[in-house]
Structures are given as C-alpha cells and as structure tokens.
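Hi everyone, thanks for coming.

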Amino acid sequence: MLESKKLVPKKNHHFVWRRYLENWQVDNKLAYFATKKHIAATETALGVAKQDFFYKLENIENYEDLYIKIILKFISDSNYEINLHYYNSFKAALKQSDSINNWKINLLEDYHSKIEGKMLKVLPQLSNGDFNILENSDYFKDFMNFLGHQATRTKDLKDSSFSKLNLWPRFSLDENFRDEKDIDILLSVFRKHWWFFSFVFGQNYALNLLTNCNIDIHIPLINSSNISFITSDSPVVSLKSITGNGKDLYFPISPKFGYVILRDINTKFFNELCTTEDVKLFNSLIVQHSHQTYFADSESSINEYRKLFMKTH
C-alpha cells in the first residue's frame, strides 16, 4: 500500500478526483463559481479542486509520536489497532526511503490514486446509470472506500477541523495530557500531521460504510428532470438538515445520477426517480456544504445558485 513510485514529485494534488469532475465537462470544460469575482467561469477538471503539495507528508519527530497516538486513539474508537498499523507503516516508509523528499510529496497522493484507480471501471458505469455493477462485492467495496476517503480528503474538512480544534473535549483525551501546554502541543501536532489524520478519517468513514451496508438504505438516484445535478469541492454531503441524521449522506455521481445512503429507514424522503423539486433540493445542499466553489455542466446552473452561495458563505 505504501510503496512510492520514486518519480518526479507531483505538485498538483487534487482533493476531488479529476476523473469524477470530468462528468460535468462539456467540450472539455466544466462551469464553476469563481469566488473572488463572484461570477460563473469555466475551466478543465484538471485545473480545479487542487492545491500544491496538499498531501505532502511531514517528518515525525520523536516527541510527536506519543501525541500522535493519543490523537489517534481519540479519533479512532474501535479502529485504533488498524489505524496504528497504518501509522507504523507510514513511519517506516518515511525512514526507509532513499529519496525522502519525493516520497513525502508523492506517498499519500499515490495512495489516493490507487483508490481512484479501482473506481476506473465503476465510475463510468454509475455515471451512465448502471448501478448493477455494485452487486459485485469487490466493486461495492471499492465504491464505499472511495466515498469514505472522498468525504475526508478535502480542503473543506481540513480547514473546518482546524477551526474547531479548540472545541475538542478535554475529558476525552488522555488524563495525563490535559494541561494547556500539552493541549497546545496536541493541536500543533494535529495541524502538522493532517496528512495522516485525514487518511485515518477516510479509513474510519469507509469502514463504517462497509460495516453498516447490510442495515443502511442505499438509494441510487435518477434525475428525471430537465436540470442537472451539480457537485462541489466537498461533494459528499450530510443529509442531517433533511433527515435529522448526520450519518445520512448524498453524493452526486454525474449530472443525471446520484447516490443516497440512509442510516435509518427514511425512504419517505427520497424516491429513486428525482423530480425537478428533488434536484433543486439536492443542488441546494451541495452549494450550502461547498467550501470555496461548486461545479456544474453549464454556467447557467452556476448562476442559479449564486445568491445561495453568497448567503451561506
């Protein structure tokens, strides 16, 4: 899992899969909301939802090891031993590399590329409405793993997590590490090693989806309206505002298809065949949960939600 190609360092790290965003391209361009100018604009999928060296690893200092394990236990719950194994693997990879700087830049980006690579057969099928492919258990696992990591690898989650660090409940941390000095170090370590903790969040999310797949309600969505589903730089969104359950999620797959997972039996809220009203509801959720921009297959669709974006951001 943690092998690096040892190639030229990859500068452009996409936090939303480029191939996925290509579903909204028309003539090799998708429409997006240009935040600084407050207008609709167009760009290739290659040029959006990315940041230079976003997944770059940082060296782990000896004193940080204990703090990382404390945070890991805090965020892992029952998955601690599994995530500790991944942590030790990352540490070993950092130490054994002959070209450490390139490894630090490429390693996690390469891992996300492997997750995406397993979706290369699945995504086109889903994008065309062939959900039967998910009856294959391996493809279903690949899709759940992709969803889990896509939900947690974004700049949105990184920025929102940093803004909420001071709200961490002190009582949930190790009782020997609750004074202000240790708390400051814990928060500093969390910021520095977000690359690892984002990976852990993705692993936890994906495992939760797989563990509960026999009790969750999975609903493929078919857009029967004449308007398109849109997506954003944070495309896996909670349906809590509709269902009351923060673990319910929606994911737009393409302009014509989407996917809903419900933790409770809330089927009365969603039908497989989406009307214009349904599509507008889902699109509004995407805009409200977006971070810095949202994407569509036309500039008119971007303009449709411009006021909502300005109001909620």
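Let's start with the open sheet, where four strands line up in the order β3-β2-β11-β6 with antiparallel pairing. On the edges sit β3 (39–43) and β6 (231–232), each pairing on one side only. Strands here are DSSP runs of E with at least two residues, helices are runs of H or I with at least four, and both are numbered from the N terminus. Two strands pair if DSSP finds at least two bridges between them. Strand β2 (residues 30–34) runs antiparallel to β3, joined by five bridges; among them, Ala34 has Ile39 in β3 as its bridge partner.

A word on the source: this is a predicted model, with local features needing pLDDT of at least 70, side-chain atom pairs counting only at pLDDT 80 or more, and totals for chains, interfaces and linings using all residues. Residues are numbered from 1 along each chain as its sequence is written, and side-chain values use heavy atoms, leaving out hydrogens and water.

Now the helices. Which residues of α2 meet α9? They are Ile68, Ile71, Leu72, Ile75 and Ser76, and on the α9 side they meet Phe196, Phe197, Val200, Phe201 and Asn204; contact means heavy atoms within 4.5 Å.

Finally, please find Val287 in helix α11 (residues 276–289). Is Val287 buried or exposed? Val287 is buried, because its relative accessibility is 0%, and buried means under 20% relative accessible area with a 1.4 Å probe, protein chains only. Leaving aside residues up to four places away in sequence, Val287 touches Ile230, Tyr294, Tyr305, Leu308, Phe309, Thr312 and His313.

Key
Buried means under 20% relative accessible area, exposed over 50%, partly exposed in between (1.4 Å probe, protein chains only).
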